[in-house]
Amino acid sequence: MHKRHLIALAAAAVTSVTLFGNALAQSDTVKIGVILPMTGQQASTGRQIDAAIKLWVAQNGNKVAGKKVEVIVKDDGSLPDATRRLAQELVVNDKVVALAGFGITPSAMVTAPIATQSKTPMVVMAAATSAITEASPYVVRTSFTLPQASVALAEWANKNNVKKVVSLVADYGPGYDAEKFFTDRITLNSGQVMEKLRTPMRAPDFAPVLQKVRDAKPDALFVFLPSGQGAAFMKQFGERGLDKAGIRLIATGDVTDDDQLNDMGEVAMGVVSSHHYSAAHPTPANKKFVDAFVAAHKFRPNFMAVGGYDGMRVIYKALEASKGAGGDALLAGMKGQIFESPRGQVLIDAQTRDIVQDIYIRKVEKKDGQLWNIEFDSVKAVKDPGKLK
Ligand code: DHB
């Protein structure tokens, strides 16, 4: 009798330990679902952000609020239909507390309804069309917006006697933002956009549009192209002799992309661009970031890497605040964060959930045999002009 009782007790104890153990193991891990273009047209964006996430975890560990953090990276091949399917799987099957990544605007837009429905915070680390943050109240952005970069560059153009401009943008969301906000600002201050040209988002051929630019003879050509197209564009610009014809090239920093800049050669020298991040940003915090990134990955971080690195920071700090909970508690922890990014001081605006940051005007220069975007002017604490309607 005594013995039987003991065995029963022991069995019960084993069962409850097992049950309890399972419950603990589950709630002891929080999963972050990262969807990136690791292959396809935007593969360089995926490579940069993936490397930055790995650096963040190597530096900050995989424990937050007493829980183990598991980062699940999925490749959407730069195709939004795949992004949507992967986002659904990550939410439903993996029960991630946050979605993150999003290399291009269409990928972010198709995921927004899933974030809303499941109340899953969605950290946009790359895509940069203004309207993305309005597509779901669960979107938080750590990249930038094209209106931020384009307005700052138009103001620089106005102050520097650039009057007649042709605009050339990729034919989708961020391109339309760049074209509109650059044009509105430069014309407000007596500049003129002579022609608005667009190239396909995928596999663009720059020859026909560059011929049009040559014929129009503007003071400057303003360009936005998504990360990864800058080097091919720059080569054609040089080969067609536009630089020699006295047409000045001005661009958002996506074109003088640190991922490719060093291979662009002489034609890139002196190009003025506007952006939120340069690998040459002269602060101790950025030097530390760039040195650690290069040591770990053997290539230079670009603006995509910084969006990914800061996105991880935003998620980690929010998990600390929510004690590992997801949903609205996690979202609340993301809003209003202020911190020193490698790019400078930033704020996640609690109202818009978009990033407020300095925009720098830079010029491509050679230093120690390498090409860099050297900052020479800045506009402080820029809120997305796309939201000041
Ligand atoms: C987007 C993609 C880019 O590669 C970039 O440099 C800017 C914006 C986008 O699709 O939103």
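**Note on the ligand site**

1. In this predicted model, an oxygen atom of the ligand is 2.5 Å from an N or O atom in the side chain of T105, a polar contact being a pair of N or O atoms within 3.5 Å. A polar side-chain atom of D254 also lies 2.5 Å from a ligand oxygen atom. The protein buries 100% of the 290 Å² that the ligand exposes when taken alone (Shrake-Rupley areas, 1.4 Å probe).

2. Around the ligand there are 15 residues, with T105, A128, Y172, S227 and D254 coming nearest; to be counted, a residue needs a heavy atom within 4 Å of the ligand. By class, this shell has nine nonpolar, five polar and one charged residues. Tyr and Ala count as nonpolar, Gly as polar and Asp as charged.

3. The ligand takes up the space of the largest cavity, meaning that more than half of its atoms lie within 2 Å of the grid points. A cavity is a set of points on a 1 Å grid, over the protein atoms alone, where a 1.4 Å probe fits but cannot get out. The largest cavity holds about 110 Å³, and the count at 30 Å³ or more is one. Volume is the space filled by probe spheres set on the points.

4. Lining this cavity are 17 residues, and G103, A126, A128, Y172 and M304 lie nearest its centre; a lining residue has an atom within 4 Å of a point. The lining has eleven nonpolar, five polar and one charged residues.

5. Residues are numbered from 1 along each chain as its sequence is written, and side-chain values use heavy atoms, with hydrogens and water left out. Local features need pLDDT of at least 70 and side-chain atom pairs count only at pLDDT 80 or more, while totals for chains, interfaces and linings use all residues.

Note on methods:
A polar contact is a pair of N or O atoms within 3.5 Å; within protein, one must be able to donate a hydrogen and the other to accept it, and residues adjacent in sequence count only if both atoms are side-chain atoms. On a 1 Å grid over the protein atoms alone, a cavity is a set of points where a 1.4 Å probe fits but cannot get out, and a pocket is an open set with protein on both sides within 12 Å along at least five of seven lines; lining residues have an atom within 4 Å of a point.
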